[in-house]
Amino acid sequence: MNFKKIFISLIVALSLTSVTFAQEAAPEGDYFGDVKFGSTKAEVKEHEKDSTLVLENDEEIVFSETSDFLGKSQNCYSFDKDGKMVAGAIYVANDHEDLAKYIEDYNKINEAFVQVYGQADEQAITTEDEALLKDPAKLAQAIKEGKVVASTVWKKENFTISHILSEKMSTEDMDEEAKKTAVVTPICHLILGQLNSAEGEEAAK
């Protein structure tokens, strides 16, 4: 599952073991949730030992899990040529019949992120209809229809965390193996973490 391609498609649309984002303070160093940037595949697998491995290749590994905090999710980790983890993505795979629950989940996760990463640097809901902001059900429907994208971004010294709520994920750019494990819900609920630069990558070692 190439989450970098999915992330690019979301930006165009705008013109993991239990994930512990709800901890009281961020761990020392550069972390995506509680997985440290720069970790090896073996270290990530040890962290995800209670999850189900669903995809592995030279560039990434994907796990499926169910946690008390996120519910169902797929946790994806991307590695550089030296085998160090440089990016992560979490697809929240809850399939809510009540679309307003996607907005509830989005707000809940953002609140938890503030406890870990501090106040967000960027937060936006792109819409021409301000009334949608007052009605979670209508807002979620607009997101499902591709009329609105909600995003929150935390920019840290060495890495960036992005939380995006958008129309359902496209599988067009995925290879066949990735398509077999892809989870497609009415609304795409995506969390991305990525080192900012080569200097940031070095700091995470």
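This is a predicted model: local features need pLDDT of at least 70, side-chain atom pairs count only at pLDDT 80 or more; totals for chains, interfaces and linings use all residues.

Biologist: On to strand 10, then. What makes strand 10 largely enclosed by the rest of the structure?

Modeller: Strand 10 covers residues 187-195, and eight of those nine residues are buried, so the strand is largely enclosed by the rest of the structure. To be called buried, a residue has to be under 20% relative accessible area.

Biologist: How do you know that strand 10 pairs with strand 6 and with strand 9?

Modeller: Two strands pair if there are at least two bridges between them. Strand 6 (residues 85-92) and strand 10 have six bridges, and strand 9 (residues 159-167) is joined to strand 10 by nine. Both counts meet the cut-off, so both are pairs. Strand 10 runs antiparallel to strand 6 and also antiparallel to strand 9.

Biologist: Which residues line the largest cavity?

Modeller: Tyr91, Val92, Ala93, Met169, Val183, Val184, Thr185, Ile187, Cys188 and His189. Strand 10 gives the largest share, three residues, and strand 6 supplies at least two. The volume is about 60 Å³.

Biologist: How many of the lining residues are nonpolar, polar and charged?

Modeller: Eight are nonpolar, two are polar and none is charged. Tyr and Cys count as nonpolar here, so Tyr91 and Cys188 go with that group.

Biologist: Last one: why is Gly118 called partly exposed?

Modeller: Its relative accessible area is 25%. Buried needs under 20% and exposed needs over 50%, so a value in between is partly exposed, and that is where Gly118 falls.

Biologist: Where does Gly118 lie, and what is Gly118 in contact with?

Modeller: Gly118 lies in the loop between helix 3 (100-117) and strand 7 (122-126). Leaving aside neighbours within four places in sequence, Gly118 is in contact with Phe113 and Trp154. Lys155 is 37 residues away along the chain, and the C-alpha atoms of Gly118 and Lys155 are separated by 9.9 Å.

Key:
Residues are numbered from 1 along each chain as its sequence is written. Side-chain values use heavy atoms; hydrogens and water are left out. Buried means under 20% relative accessible area, exposed over 50%, partly exposed in between (1.4 Å probe, protein chains only). Helices (H or I, at least four residues) and strands (E, at least two) are DSSP runs, numbered from the N terminus. Contact means heavy atoms within 4.5 Å. On a 1 Å grid over the protein atoms alone, a cavity is a set of points where a 1.4 Å probe fits but cannot get out, and a pocket is an open set with protein on both sides within 12 Å along at least five of seven lines; lining residues have an atom within 4 Å of a point. Grid points are joined across faces, edges and corners, and a volume is the space filled by probe spheres set on the points.
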